[in-house]
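Please read it with the coordinates open.

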Amino acid sequence: METEEGIRLRKPTPIKTKREEEEEGRRDGGEAGVDIRNCNKEMMNVEEEPLSPAARLFHEPNFNLHIVAIMGCKTRIYPEVCKANLPHTLLRHPRFSSLLVVDEKNEGKMKWVRTEVDLDKHIIIPDLDPNMESPDQFVEDYIYNLSKTTIDKSKPLWDLHLLNLKTSEAEGTGIFRVHHSLGDGTSLMSLLLACTRQISNPEALPTIPVKKKKNDDKRVFNRGFWWCIFGAWWVLKFFWNTFADVFMFMLTALCLEDTKTPLKGPPGSEFNPRRFVYRTLSLDDMKLIKNAMNLTINDVALGVTQAGLSRYLNRRYGDNENKDSGAEKKNNLPEKIRLRSTLLINIRPAAGIQALADMMEKNTEAKWGNWIGYVLLPFTIALRDDPLDYIREAKTTIDRKKHSLEAIYTFSIAELVLKFFGIKRASALSHRIISHTTMCFSNLVGPLEEIGFYGHPMAFLAPSSYGQPHALVINFQSYINKMTIVLSVDEETIPDPHLLCDDIVQSLNVIKEAVVARGLVK
């Protein structure tokens, strides 16, 4: 049908459920992709590239991860504009124009094979009622239902869903879904941003904040004796932190498991659909805390999350249904809760937005691929009389992790397991590490100025993921002067994700008020 703007909407391409896809894969002779015997000769003559070990890992049944990027736009999204621009940008990246092919004649090895992309199979445009009662709930339910499915492996592993529906935050919503084997989250978000341009300057790429190097006082290092003492202490501290972190990694792989809290998902949680909820906050509020306490935004994000999780768990343990009873102020938390986040870190240096833009526009090369290491980040769960203690504890945790080579050594361990024991054992190791922890946490830096996706001004950007053996994933994403908190939850474990999101938001407000009340604002 035709809209008033003349945009033709069509019914979405049917999406297969995970079970239907697995059954179809077995009939075709392969569960992870297209059987090479079914590919035509023309396809086999084009460029091929084997999957990296980490990319193969993301195609194991218990580790089938998908990245979701929710883009809120200030205008309606015009599908024809997207279709006209995608071939000149995103499709120039080999991963987005390649099929996953399984070579059954060569021990089932997987490879990327370049193919011609039919955008009608990738851009999904549902026919919507613009006068529906609750558009926000519809968008939330749409993404929830999307997480019940996987991407059809008979095409490149990505799709874009365009929902021209006015919500409380946007006039239209785009949902990018990409299989994690195409790249790590940071690189994929950089690639997405490389497809955007500044609204104030349509020729300019987005500007991403760069961490400023501290001007250390070099007078100490001019004294040879003290320089040697400091250097020896620094090396010993680095060595000890790395040893302790790798030991905890091995212990977690063997037997050490997080406390079974109301946030920890049961076995099989990776197969459950996910509810995605998000809130957009003021980044200036986080910067106020950061500047007042001489921190980083990472420190503030982790501290606010610790406070919010403590607040939520205290309520759940107290089984408090009557909020006016005052039970929320009582400490209902068990002692010594072990709650950790597993961070999947790509230790390969990521290509910047400019390099990715040049790759798409000028066919230059850019670094790409998953070299995944693991970092286990502990969260302090407790009720504090001083709300600023959450921030101080977060800074201590992050500072310690900065002085460790945990990601590099855990990557090496995973590579050795893959080399000597095969993909099944490597997958089992990854699954065991993640399932023995409680959640996943990340903080991504976004553009400093307003940007447009093919000319559509963006109101917010909310990335997340599904398919991991966690019941909770928390992502922070900055954009101009905003910070979006995104939760991806398994509702069988966390039935009230909006309340959890509210607790994190309220914790930020409490910490900000404490900073202002003590006159710490600079």
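1. Which side chain does a polar contact of 3.0 Å join to that of Ser427? The partner is Asn62. A polar contact here is a pair of N or O atoms within 3.5 Å; within protein, one must be able to donate a hydrogen and the other to accept it, and residues adjacent in sequence count only if both atoms are side-chain atoms.

2. On provenance, this is a predicted model: local features need pLDDT of at least 70, side-chain atom pairs count only at pLDDT 80 or more, and totals for chains, interfaces and linings use all residues. Residues are numbered from 1 along each chain as its sequence is written, and side-chain values use heavy atoms, with hydrogens and water left out.

3. Ser427 belongs to helix 13 (residues 423-435); helices (H or I, at least four residues) and strands (E, at least two) are DSSP runs, numbered from the N terminus. The relative accessibility of Ser427 is 2%, so the residue counts as buried (buried is under 20% relative accessible area, exposed over 50%, partly exposed in between, with a 1.4 Å probe and protein chains only). Leaving aside residues up to four places away in sequence, Ser427 touches Leu57, Glu60 and Asn62, where contact means heavy atoms within 4.5 Å.

4. Helix 12 (residues 406-421) has 16 residues, and its first and last C-alpha atoms are 22 Å apart, close to the expected 22 Å at 1.5 Å a residue. The expected span is 1.5 Å times one less than the number of residues. Buried in helix 12 are Glu406, Ala407, Thr410, Phe411, Ile413, Ala414, Val417 and Leu418. They cover an arc of only 160° around the axis, which puts them on the same side of helix 12; the arc is that of the directions from the helix axis to the C-beta atoms. Lys419 and Phe420 are exposed on the other side of helix 12. Gly422 follows helix 12 with a positive phi, near 95°.

5. The structure holds 13 aromatic pairs. Between Trp234 and Phe238 the ring centres are 4.8 Å apart and the planes are at 35°, so the pair is tilted. For such pairs, rings of Phe, Tyr and Trp (its six-membered ring) must have centres within 6.5 Å; planes under 30 degrees apart count as stacked, over 60 as edge-to-face and the rest as tilted. Trp234 and Phe238 are 4 residues apart in helix 7 (residues 224-254), so about one helical turn separates them. Trp234 is partly exposed at 39%, whereas Phe238 is buried at 17%.

6. A cluster of ring pairs links Phe96, Trp158, Phe176, Phe453 and Tyr454.

7. Tyr144 is among the buried residues of helix 5. The charged end of Arg275 sits over the ring of Tyr144, 4.4 Å from the ring centre; the criterion is NZ of Lys or CZ of Arg within 6 Å of the ring centre and within 35 degrees of the ring normal.

8. Lys336 is not a glycine, yet has a positive phi of about 55°. Lys336 lies in the loop between helix 9 (297-318) and strand 11 (339-346), and is exposed at 79% relative accessibility. Ile480, also not a glycine, has a positive phi of about 55°. Ile480 lies in the loop between strand 16 (472-479) and strand 17 (482-489), and counts as partly exposed at 25% relative accessibility.
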